[in-house]
Amino acid sequence: MTSISVSRAGETVMESNAAAKAGAKLRILVVDDELSMREMLRIVLRRDGYDVMLAENGREAIALLQAGPFDLLLSDIRMPDMSGVDVLRAAKALDPQIVAFMMTAFASTDTAVEAMRLGALDYFTKPFNMDELRLKIRQHVEARQLKQENLLLKRALKSRHEFASILGRSDAMQVVFSTIETVANTSSTVLVSGESGTGKELVARAIHFNSLRRDRPFVAINCGAVPETLLESELFGHVRGAFTGAHANKKGLMEVAEGGSIFLDEIGEMPTSMQVKLLRVLQDRRFRRLGGTDEVQADVRVIAATNQDLPKMVSEGRFREDLYYRLNVLSIQVPPLRERVEDIQLLAEHFLAQFAAQMGKPVRALSGPALQLLLDHQWRGNVRELQNAIERAVALERTEAVLPENLPDDVRLGRSATAPPAAELPALDDGFDLEARGEDFYRHYIALALEQAGGVQVKAAELLGMSFRSFRYYVKKYNLR
């Protein structure tokens, strides 16, 4: 159907006109055997910015409907050759989405019911208030437009999360793309593994938006970023009075994600007590809210992610073996950036264009020396580290090409961000206090990460490739704030 920018209900006619003129006009077909009614509706509706066509009887109306699409039908019911109900039936057969209003000077309950059954949205008895008709048209057209925009948005989001957010031309990433396509069409649990910063959540979103659950919610939670005491309530919800401060019932993320997917990031950080409860959800597809006794059904797909060695954690007794096998039904390994060097330029140019647009800067390219430094770097922080490096470079750059001096020191000096250069490592000599040295190392980099992250602990933990729980432990241990 023809699209149009329609003003919000309650705005002025002038605004409605401007909105209509901004795009293609909305087409209205007016059907009435009374000439004065047809002409009055033409004048009023054209003044509101609509493209109005007139038909004096049902046969002429059907011919016009067959000739071209209309967005709205406004038809009298009682006409000499055929009724408006017959016109409505034909209109709906040609376009089930057409908005329809019926008019009559002879009110009949049976006729009104039949018109509504066929899909008429409203019914006006003559003489009617013209302003009321105009308002109803605006409201229903707006509702239809928003519905269409919502569908377009969903398609755009699907396209965005399909593979557009995960860039890579390397063989390793082609394997990831192929696996996503395969597992998306199932309802099985998926375990996404990979180092911190490789894009595991993007993979999870791509799985969801390519699945049959794409029109239902995608909900994400970082199991390492939520305190153990709150994690159960966040996942499963709670009932009023379950704990101090629980003044009302609250849905957990499992319920919020009903019919969709829930992404459990840093699953290796989940406490053992919660592992048992998650295992029950995966086995029985049901759970209880914190403090509650009623069973709640869970129609949700679980996608988990970890940057840890879960089989090793299982062997050490730090992760339940039965839960591991329940999670690892289908698995995807996201490769680190250093193993897909051919993707570095593609990613860097993507981030450069993104940040240049956001900052309104004329930076358009990477200089040759800067690109070489990016290609030579080890990227222990993976794609996230590269993204941060490009964001910094664009922010500092004053020319049209990123120069080496605006890249982070770790990239320019050819060292990993997570380890000091060998020249800075102390010689053994007669020995030293290794534990104290290690604490100094931890204290230095945790403080540095906190400073760079502006005090946001979750972001600082990501910079160091640590779980939030571990990072919080060291912040408290070294009294860093």
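**Close-up views of a predicted model**

**View 1. Phe 128 lies in the loop between β5 (122-125) and α6 (130-164).** The model is predicted: local features need pLDDT of at least 70, side-chain atom pairs count only at pLDDT 80 or more, and totals for chains, interfaces and linings use all residues. Residues are numbered from 1 along each chain as its sequence is written, and side-chain values use heavy atoms, with hydrogens and water left out. Helices (H or I, at least four residues) and strands (E, at least two) are DSSP runs numbered from the N terminus. Phe 128 is buried, with a relative accessible area of 16%; buried means under 20%, exposed over 50% and partly exposed in between (1.4 Å probe, protein chains only). Not counting residues up to four places away in sequence, Phe 128 touches Met 37, Met 103 and Leu 133, where contact means heavy atoms within 4.5 Å.

**View 2. Tyr 442 and Tyr 474 form a tilted aromatic pair.** The structure holds eight aromatic pairs. In the pair of Tyr 442 and Tyr 474, the rings are 4.7 Å apart centre to centre, with 40 degrees between the planes. Rings of Phe, Tyr and Trp (its six-membered ring) pair if their centres lie within 6.5 Å; planes under 30 degrees apart count as stacked, over 60 as edge-to-face and the rest as tilted. The pair links distant parts of the chain, 32 residues apart: Tyr 442 is in helix α18 (residues 434-452) and Tyr 474 in helix α20 (residues 468-477). Tyr 442 is partly exposed, at 35% relative accessible area. One aromatic cluster is formed by Phe 441, Tyr 442, Tyr 445 and Tyr 474.

**View 3. Helices α18 and α20 are roughly perpendicular to each other.** Their axes come within 10 Å and cross at roughly 110 degrees. From α18, Glu 439, Tyr 442, Ile 446 and Leu 450 meet Phe 471, Tyr 474, Val 475 and Lys 477 of α20. Axes are lines fitted to C-alpha atoms, for helices over the stretch in contact, and angles run from 0 to 180 degrees between N-to-C directions. Angles under 35 degrees count as roughly parallel, over 145 as roughly antiparallel, 65 to 115 as roughly perpendicular and the rest as oblique.

**View 4. Asn 222 is found in strand β7 (residues 218-222).** The Asn 222 side chain reaches the backbone nitrogen of Gly 224 at 2.9 Å. Asn 222 also touches Asp 265 and Glu 266, not counting residues up to four places away in sequence.

Terms used:
A polar contact is a pair of N or O atoms within 3.5 Å; within protein, one must be able to donate a hydrogen and the other to accept it, and residues adjacent in sequence count only if both atoms are side-chain atoms.
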